[in-house]
Each structure stands twice: as C-alpha cells, then as structure tokens.
Amino acid sequence: MSQEITVDENFRMPPPEKVGREPGSLTSIVQSLIFTVDHKKLGLMYIGSGLLFFVLAGSLAALMRIQLAVPENKFLAPETFNQIFTMHGTTMVFLVGMPIIFGFANYLVPLMIGARDMAFPRLNAFGFWIFFFSGLLLYFSYLGAPGIYGAGSAPDVGWFAYSPLTAKAFSRGHSTDYWTISLLLGGVGSVATSINILVTIFCLRCKGMTLGKMPLFVWMNLVMVFLVILALPCLSACQIMISLDRYLGANFFDTQAGGSATLWQHFFWIFGHPEVYVLIMPAFAIASEVIPVFSRKPIFGYPIMVAASVSIGFISLGVWAHHMLCIGMTALGNTFFVISTLLVAIPTGIKIFNWLGTMYGGKIRLELPMLFCIMFLFQFLIAGLTGVMLAIAPFNWQLSDSYFVVAHFHYVLIGGLLFTIFAGIYYWYPKAFGRMLDTRLGMAHLVLFTIGFHLTFLPQHFLGFLGMPRRIYTYQADRGWDLWNFVSTIGVIFQALGLLFFVANLIYSYWKGKKAGDDPWDAWTLEWATTSPPQEYNFAELPAVRSRRPLWDAKHPDDPDWKHE
Amino acid sequence: MNAATDLTSDWKLPSPRKVGILTLIVAESALFTIFVVAYLYYMGKSLNGPYPHEVLEFPWLGSIALFGSSATILAAERALRGGSHQRFLFWWGLTTALGIYFIFFTASEWWKLITVDGLTIDTNTFGTTFYSLVGLHAFHVIVGIILLLCVFLAAVRKKIHPDHHEHVEVISYYWHFVDCIWIVVLTVVYIISTRT
C-alpha cells in the first residue's frame, strides 16, 4: 500500500473547493466544516463537540461537588441544584458519550474495513448537525425556557425524568419541553448515524474482509449500533408521549386520569438499559484494539470475543427493570430481572479474561494507550462487581437511589468508558493529526486523573452504605457524611488538573508533537496502512485482506496470519 | 479457510440501499412496539367511556385499500423491471390513490369519533392510546404517500427508468412495512380490544 496516489477506476476526485476563499483563513475552515461529508472530518467534529460538552457538563459536576463539600452549604439554591444534576446527566449521556463514540466509529470504521467513506455520507453530516443542534437546543433552555409563562429555566426533572415530574402541573413553563424535544432530535440523529454505520459495515467491506476477519473494534461497534437502532426509538416514543401529554392533554402518564407513572419507568428503561451497553461497547472496542497491539500478540479468543459481545447485546435488551426493583413488581418479575442481569456478568467476565489472556505472555509495551487500558481493566472490574451487587434485589432495596449507585455508574462510565476514550485518543491521535501526543504531559494526565477519579468516586460507595441518597442538595452535619463528601470534592481538583494537562497536550502536540509517520505503533489493522492523516479518499488503492491482521501479513510475508487462522 | 483467503473469487456485498431501508424498518418497528404495548397495557383500564366496543367499527374499506396497495405496488415494480412505462405509471398511480383513500377513510373515522362519539385524545386512556397509535401509523402512511407522489411526478415527466428499480424497490419496502404495521393495529385495536 504505497503512499503515492495511483488512480484507480473506482476513485472519484473530491470536488475542488467551490468558492474562492483563501485556504487556511477562518471563513474557509468554517465553510469546510459546515459543507463536509467526509467521515474523518465528521468523526473529529463529533469528538471535538463531545469534548466541548464534556467540559461544560464537567463544570456542572464541579459545582455540585462544591455545594456538597461541606454540610448545610449555601453555595447553590435547591432549584439550581436540580437543574444542574439534570443537565449534567443529560449532557454526559447524550451530548458527550454518544457523540464521542459515534466520532470514533465514524472516523475508524471505514478505515478499518478498507472503505473510502461511509455508505451515506450526506446522511452522516445530517446526523452530526442534528445532534449538534439538539445540544444547542438543550442549553438554549437557560435563555429561552422562562419565556412565556415566566417559570422554570433549565430542565430540572432528572435525566430519567420520572413521571409525574414532567406533567404540566409539576413542570410549568417550557424547561421540560426543551429537554423532550432536544432528546427527540438527538434520537433521530443517533438512529440515522447508526443505520449509516451498520450499512457501511455490511456493505462496504474491502475485498476478502469477511465478517470473521473484521477487527474487533468494528464488531463491537456493530453491536453498539444494533442496540442504538433498537433502543433509541423507544426513547423517541417516550418523548412523543410526554409531548402529547403536555400539549394535547393525553393521559399516558397522568395517574389522575387512569395513566400510569410506572409505565414511564418501564418505557424509559427499555431504552435506558441498552443505552448503558451502547456506551460501554465502544470501550470494549477500543480496549480490544489497544491491548493486543501493546502486548504484541493477536487477541486471545477472537470468536469468543465476538460471541460475548453479541450475547451482551441480546441479554441487555431484557434487563431493564433492574432499575426498578424498588417499585414493587411481583416476585416473579423481580426474579426474572435479577437473573437476566446476573447473566450479563458471564460474557463480560469472558471478555476480561480474554484481555488478560492477550496480555499473558505478551511483550507488553507500557505506552500511554496501554496504561489507560490497564486502568480500565481494574476500574471496570470494580464497576462490574458493584453492578452484580446492585443486581441482587434485597441489596438493591437497601441501596437503590443512594450514592452507591452514583459511584457504580461513574466507575462504569468514567473508569470504563472515559479511560478507554483517553486510550483511544492517545492511540489514534497520531493517525488523525500525524503527530504523537507528548508522553510526559500524558503521564501527568494519567496519574492526576486516576488519583482524582478514585478520590472522587471511591468514597461515594461508602456514602451510599452510610445512607446518603443521591440528588440531595445538602445534608446535616451529624450524619457522618462530612469526611467522605469532602474527600470526594478534593478529588475533583485532581481530575480537573489532569484534564488541563490533557487539553494542553492536545493543543501542544498538534504543532510541536513528534512526527508520527504512518504506523507509529507497529499495529495491524488497515487504518495504519494509509497516510497520517489519511487523504480524503482514505486509500489510493482499495486494500484486500486475507486475515484479521492484514498489516502483519504485509510486514511478515514469510509467516502470514492467513496460514494459521 | 482456504476459500475465504482466495482473493481471486468474486467479492459481492449486499446493496446499501436495501440494507439501509431494512434497518430503518427495524428501528421503526421498535418505535411502534412501544405504542402497541401502551395500547395493550391500557386496554380495559379506561376510567370512563366511550369504550372501544361502543365506538369502533371494523375499517373494511380502508383496510382493503391499504392491503390492495401492497399488491398494486408489486405490479408497478414488475412493470418497471419489464420496461413498460405506461403500466408502471398506472399501477404506481393506483397505489398512490389507494394510499390517499386510506387517509381520507381514517380522517372520516376520526371525524365521527370526535364529533359524534365525543372521543378525543384526553377523554380517557383509550382515546390517548388509540389516537397516538393510529395517528403514528397514519403519519407513516402520509410520509409514504409523499414518497409515492415524488416518484409518480418524476415518472410523469419520464424521469424514471428501469435502472431505477432499486430506488423504487426501497420505497415499496417501506410501503409494505406500513401495511404490516396496519395488520398489527387492526388486530390489536379493532379485533382484540373491541372484544374485551
């Protein structure tokens, strides 16, 4: 695969920049971002806007931690606190998690399967912009929501918006409508992008890449988009129902008129639980690429990994009511959801052992992506174990809606997802920008952020055991919660410092980083076969593959993988 | 694995358009499932009337029109692949007309329910779930009609060629899906809930 551009019969020249603006000027950059349908640019735009929203939602979290640092604090008013945890949760799930994982899938899937772009490039741009505007709409509520009725500002119903909080009687003004319509729009964008990714994987693989030869990253993203396609429409249905209730006087969730608040919980979590796996599948995907490359071994148990991912996908569709073990379902209902939830632990455990099996006996290189993945293994194990604990109904009755739950899902989403996203950024940044991220700044980021993360969230397990409920805006001094809350807030400082090093690194290395070359990690998947950054058409000549590690085959013609697979 | 590693053999993958529309149909099915479940969940739980068995009549004409349109769109596709422009135009136009008739039929049914029976979306949970489920379906029929009309107008201007059979097929998949949903709605709303 040479770097020279050779003309191939399928290759169409990208259209020249149409309007004659100076290249490199601000207007031309903005114009190229708005008009682009290139999967790589859109991927980076997804990740970039996801990181912007991350800073925003992270600042909201910091405000909450300041408020909770000491008992009976007056830093935030109770109604402001409600708005902040709602906006924090909604933003982190829909405007940080989703766009960043779509960004990775967008950037990498076509490269990894040897394609020139996504199946529907314009739909791809549509998906991005509709997501972006849904984010703006949500935050516009701070300005627009007081509007006509003069009540309310940002949404304050919590990210799962339990009924009847969203009813017109309890949520006056338009704040809930901003939440509803923003999520409805975001859902449309997510489904559009997911359909696009799924079609790309099924229809655009390069010659020789059978399903069994796809990189695990692609497989796990396939499971991710499959879950989005099944789960997000349920959320859209929920949002349509709320809107009908609020605007046309329908009675879906109006208990006074025969509606059911429980039904909302079922419908929301039918979406909500698969959504958790939507967010964690890309973490598995990144770990499954990084760990083999830095252990210098092919992934251990490829077919089992695929089977485990697919079965996690299926099982996750039938576990939603473990979020509702406290609402008084029948014993049969409780038992069913406890058992189905515990079943998830089996394929997940298999994955962890497979990653360990990959590292076992490997020649491990402790570079930054690998270090973040190793932290992921430990932290995700803790998250999984607390998850199994919470799945046991009696335990859940004791700790549901306590800080133990908060600690659990932050270990999943930060310890699991965010750490692998960092690993992915350190791993693929050289591909996207042609320069390595600085190792020393990166180490500072790793150390500070890891310390900060555990300082913040480990004590929250204890707070849960001590009976501190989530979502309270303050607490009395005699509860025994002071110390752990204070420690938890101190952790935020370390996390923020770590993130500063990370952002500094992203900016510094863009100009001053070491030149990366095409394949700095000596990796094996197709994205490393093209230039860094790749040309708009990705590959001068479309590749053809004969094994799961096409670049290994190219580098070792004497002993290619396809002789063994 | 030797067969798979042989790169000289043909490499054929499914058509993006078809996989795309089938995936969209899966997503739409998930959306409808929630509304159907809501209907079933609230069946027989309305606190006050009117109840389904008092006001709903089996929509014979509308259903015949909609199911018939699935057959006529198949005939239109066959005509296009056979290269007969006139027959394509006839069957495609008939499909569109049947779709439009279905919408008028639903509109007159709703008119009667609202003005004569006094059933609106906020009357009871039957009204809520009935109008949202049937309305969501009708909305999909309307989107289908717009797609059908686009193709019809293009065909009138002789812009549709046999090469376009895949584009047309994608629309017909969607139209069949709308039909299948109507089978579910018919069963749940007009058969099961009027008998309980």
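Two residues are taken to be in contact if their C-beta atoms, placed from the backbone, lie within 7 Å, and helices are DSSP runs of H or I with at least four residues, numbered from the N terminus. The structure is a predicted model, in which local features need a pLDDT of at least 70 and side-chain atom pairs count only at pLDDT 80 or more, whereas totals for chains, interfaces and linings use all residues. Residues are numbered from 1 along each chain as its sequence is written, with chains lettered from A and ligands numbered from 1 in the order in which they are written.

In chain A, the buried residues of helix α9 pack against α7 (261-295), α8 (302-316), α10 (368-391) and α11 (393-399); a residue is termed buried if 20 or more other C-beta atoms lie within 10 Å of its own, exposed if 12 or fewer, and partly exposed in between. Among the buried positions of α9(A) are Phe337(A), Val344(A), Pro347(A), Lys351(A) and Trp355(A). The 29 residues of this helix (residues 331-359) should span 42 Å at 1.5 Å a residue, and its end C-alpha atoms are 43 Å apart, which agrees; the expected span is 1.5 Å times one less than the number of residues. Gly361(A), which follows α9(A), has a positive phi near 75 degrees.

Leu198(A) touches residues of both chains, including Leu222(A), Phe226(A) and Thr23(B), when residues up to four places away in sequence are not counted.

The contact between the chains takes 33 residues from chain A and 31 residues from chain B. On the chain B side, α2(B) gives the most, with 14 residues.

Two cis peptide bonds occur in chain A, from Ser163(A) to Pro164(A) with omega near 5 degrees and from Ser532(A) to Pro533(A) with omega near -10 degrees. Arg296(A), in the loop between α7 and α8 of chain A, has a positive phi near 55 degrees and counts as partly exposed because it has 13 C-beta neighbours inside 10 Å.

Chain A averages a pLDDT of 92, where pLDDT is the predictor's confidence in each residue, from 0 to 100. Over residues 1-7 of chain A, however, pLDDT stays under 50. Where pLDDT is low, the predicted coordinates should not be read in detail.

Technical notes:
Helix = DSSP H or I, 4+ residues; strand = E, 2+ residues; numbered from the N terminus.
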